[in-house]
Amino acid sequence: MSNDTFICDNIGVNDQGHLTFAGRDTSELAAEFKTPVYLMDEGRIRHNCRVYTQAFKEHFGGESRPLYASKANSFKYIYKIMKEEGMGIDVVSSGEILCAYKAGYDLSKAYFHSNNKTDEDISFAMELGIGYFVVDGFEELYAIEKEAARREIKQNILLRITPGIDPHTYAQVNTGTVDSKFGTAIETGQADEIIQEALAQPHINLIGYHCHVGSQVFAEDVFERAAVVMIKYTAHIYRDYDYMAQQLNMGGGFGVRYVDTDPYLDVSKKIADLAEAINATCEREKIPVPTIIMEPGRSIVADAGMTLYTVGSVKRIPYYKNYVSVDGGMTDNPRYALYGSKYTCYTANKMNEERGMNCNVVGRCCESGDIIQRDVLLPKETERGDIIAVCTTGAYNYSMASHYNKIPNPPIVMITADGSAKEVVRRQTYEDLIALDVD
Ligand SMILES: *Cc1c(COP(=O)(O)O)cnc(C)c1O
């Protein structure tokens, strides 16, 4: 099996026929750190950041910058990487804010999302000096005004606007349509209203607009179409209300490859195309080009992750189905259960065997829906004790993990630039799981 058949070029096979990740033998890592374990490739995370930061410098310049969308994978070490790479961050809860803060991340570069920030969240974020609130609706606007007044500060905000764009991905990750849970729609006239309200608040400084159309987006021109809508809208607000937005945040959503049939997406080129559409539209509308922000999550961390499991049983039901059960499952990766997401799986210690067994790779939870992936081809020789590798698990796995069935969460093992591997999040223990129970 040659390296170019792998889903990402940080994956390979060594002389022992073992799968490698970031240059390391996965069987050795499994033996050293035990399973299940999330592996992360620091070099790849940094590379992915630089694709964005360089493209931004080249095509947007000025204050324009990419933010890392924390919700894809939030733990202290990643904020240190983001700080070093000059990435802004977005956060969606007080928990993510605290994590970034404790990691020493400068929160003045942070954007606070969420469609329902509680009064406690608002106060906590201001206390720690959050840079920007991305305001979802009217009640929140007034709640922020009230808290900013109490603190005698002027709070920077962006308004989340729904541009009415359908990116044609899964319904669960569509966010830019008029009827979305998120933001305030242009089409209904409510966006005009909330902008006027924001401008009228004495303790609020309206910096600009945010939109986010969806996730795992591959479609040709989704971002360009959204940008054109937003720039025209910016011009309309300028003409009608004499307010010129300084910032336009285009959200996240670039797709990544989970399986061979997924296309490659050239992020540099996408950003170049987006810049062209933005510049041309600004010129047509005769407005200055705003500072452009984007918020990639998945495309920063997904292919920098891999999960390793140990096989517990191989159940063969003749003429029906084969099941390979692993020592993790929906508790560490709920994405198949949630979205039917695709993943590429291997028997990591038997890479030279022919892959002749069709099976479902399933977890250990008491739930038939606890499936990592259906219809996977693995070697017939796959047996108890073998290592199963699931690729591209760096985004929305650890951050979506649960403790269902009182199953502890795996550690995150970072493979650093010099090839050494260390736990950056330790394995949850059974004691951790019951630590909150009152005796
Ligand atoms: C989820 C989300 C992102 C990140 O999306 P990816 O698909 O991971 O790039 C960015 N911005 C907002 C507002 C989001 O909700």
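**Salt bridges in a predicted model**

Glu-147 is buried in this predicted model, with a relative accessible area of 12%.

Reader: Is Arg-151 buried, partly exposed or exposed?
Author: Buried requires a relative accessible area under 20% and exposed requires one over 50%. Because Arg-151 has a relative accessible area of 22%, the class that applies is partly exposed.

Reader: Which helices hold Glu-127 and Arg-151, and how many residues apart in sequence are the parts that this pair ties together?
Author: The side chains of Glu-127 and Arg-151 meet in a salt bridge at 2.8 Å, N to O. Glu-127 lies in helix 5 (residues 119–127) and Arg-151 in helix 6 (residues 138–151), so the parts tied together are apart in sequence by 24 residues.

Reader: Where do Arg-44 and Asp-303 lie, and how many residues apart in sequence are the parts they tie together?
Author: A salt bridge joins the side chains of Arg-44 and Asp-303 (3.8 Å, N to O), and both Arg-44 and Asp-303 are buried. Since Arg-44 belongs to helix 2 (residues 42–59), whereas Asp-303 sits in the loop between helix 10 (298–301) and strand 14 (305–317), the pair ties together parts whose separation in sequence is 259 residues.

Definitions and conventions. Residues numbered from 1 in each chain as written. Predicted model: local features only at pLDDT ≥ 70, side-chain atom pairs only at ≥ 80, totals over all residues. Heavy atoms only, no water. Salt bridge = Lys/Arg side-chain N within 4 Å of Asp/Glu carboxyl O. Helix = DSSP H or I, 4+ residues; strand = E, 2+ residues; numbered from the N terminus. Buried < 20%, exposed > 50% of the residue type's maximum accessible area, 1.4 Å probe, protein only.
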